[in-house]
Amino acid sequence: MRRILLITFFIFTIHSVSNVEACTGITLRSKDGACIVARTIEWGGSNLNSRYVVVPRGYTQRSYVPGGIDGMEFTAQYGYVGLAVEESAFVAEGLNEAGLSAGLFYFPGYGEYEAYDPSEKATSIADLQLVPWILGQCATVDEVKEAISQVHVVSIDPRASTVHWRFTDVSGRQIVLEIIDRQLVFYENPLGVLTNSPDFDWQLTNLNNYVNLYSGSAPSQPFGSMTLSSFGAGSGFLGLPGDVTPPSRFVRAAFYQTTAPQQDSALLTVLQCFQILNNFDIPIGVEFSRDQTPTDIPSATQWTSATNMRDRILYYRTMDNSAIRSFDLRTIDFSRVKYQEHPLDDVRRQPVLPIVIQ
């Protein structure tokens with residue numbers, strides 16, 4: 001019971017403090033045909049104690065529901081590796097051996113799940129456990145849509161806000177799921193960008209407000225008796241919003257992604273994704289008013305990941321260690337490996353490599 005109370009408190013806190021919820025997702029393709037999805041995860045309230053989990057085929061879990069851990073039971077048909085927050089069952093981003101990528105993004109104020117009905121607990125899945133269930137069950141986005149239509153997605157705490165989800169399969173097809181007015185709403189996402197609220201359709205429409213932006217520099221223009229010229233490179237993006245709100249991050253991510261030069265290989269594209277997402281690291285001080293004491297963590301952006309579905313590789317770096325680490329799922333025998341979980345960082349300290357001059 002104490003565990004349930006602690007998790008309920010965490011869920012209510014992380015969902016109810018809207019100024020610290022921020023996730024930014026992008027998608028790039030390499031010239032050799034690989035599709036790479038990448039994202040950040042933010043929470044400025046405390047350390048999320050993030051972990052990675054390795055889940056074998058045949059591993060069985062049960063969903064949290066209001067008041068207990070007696071919701072839907074599910075067994076993994078596919079093995080997967082996931083990055084979890086606070087509780088190992090709450091996988092926020094992951095990749096399975098079939099090449100399906102799944103991730104959740106916070107979505108406060110706009111979604112609404114159906115009310116939990118205890119008589120339907122055998123088919124009820126917590127929103128924070130939808131990612132691990134899908135990773136264990138599905139290989140394509142069509143399978144995702146069919147599977148989700150058969151269950152009831154609920155919140156563990158009815159006071160909490162909602163999340164929405166991004167699913168991408170090995171073909172590069174990507175969909176976004178939002179649950180609005182208790183109804184499943186699926187969007188095709190050929191753009192490949194996702195942040196938080198408002199809803200995805202609104203975010204796409206809002207891009208039209210920036211139709212005047214373009215890459216490169218603006219040409220000099222006559223202005224009465226004088227000539228106006230750019231102060232420096234990149235003036236075609238003058239007016240690109242730079243704040244950390246979800247609509248501004250969506251616009252910025254869309255323009256950075258769309259203007260990024262296409263790389264030759266999957267690995268170069270992965271590295272490019274990390275470079276682009278460096279622009280979305282949120283300093284911890286931004287999250288707090290002047291009369292508040294910031295949390296004792298180095299960044300509100302706690303980790304960043306990139307996923308190569310074609311080659312079955314999941315990459316990540318953290319606020320404590322900017323070195324990129326990876327899991328190659330092709331090297332894992334999911335029929336034999338044991339379930340395991342480990343901290344994303346063995347030591348929470350950024351390594352510094354001294355250069356010795358002889």
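In what follows, Ala, Val, Leu, Ile, Met, Phe, Trp, Tyr, Cys and Pro count as nonpolar, Asp, Glu, Lys and Arg as charged, and the others, Gly among them, as polar. The model is predicted, with local features needing pLDDT of at least 70 and side-chain atom pairs counting only at pLDDT 80 or more, while totals for chains, interfaces and linings use all residues. Residues are numbered from 1 along each chain as its sequence is written, and side-chain values use heavy atoms, without hydrogens and water.

**Pockets**

A pocket is an open set of points, on a 1 Å grid over the protein atoms alone, where a 1.4 Å probe fits and protein lies on both sides within 12 Å along at least five of seven lines; its lining residues have an atom within 4 Å of a point.

| Pocket | Volume | Lining by class |
|---|---|---|
| Largest | about 250 Å³ | eight nonpolar, eight polar, no charged residues |

Of the 16 residues lining the largest pocket, Ala-218, Ser-230, Ser-235, Gly-236 and Leu-238 lie nearest its centre. The second largest pocket is lined by 15 residues, with Tyr-113, Glu-114, Ala-115, Ser-155 and Pro-158 closest to its centre.

**Gly-79**

Gly-79 sits in the loop between β5 (73-75) and β6 (80-84), strands being DSSP runs of E of at least two residues, numbered from the N terminus. Beyond its neighbours within four places in sequence, Gly-79 is in contact (heavy atoms within 4.5 Å) with Val-55, Pro-56, Arg-57, Asn-96, Glu-97 and Phe-334. Although Gly-79 and Gly-136 are 57 residues apart along the chain, their C-alpha atoms are separated by 6.3 Å.

How values were computed: Helix = DSSP H or I, 4+ residues; strand = E, 2+ residues; numbered from the N terminus. Points joined across faces, edges and corners; volume = space filled by probe spheres on them.
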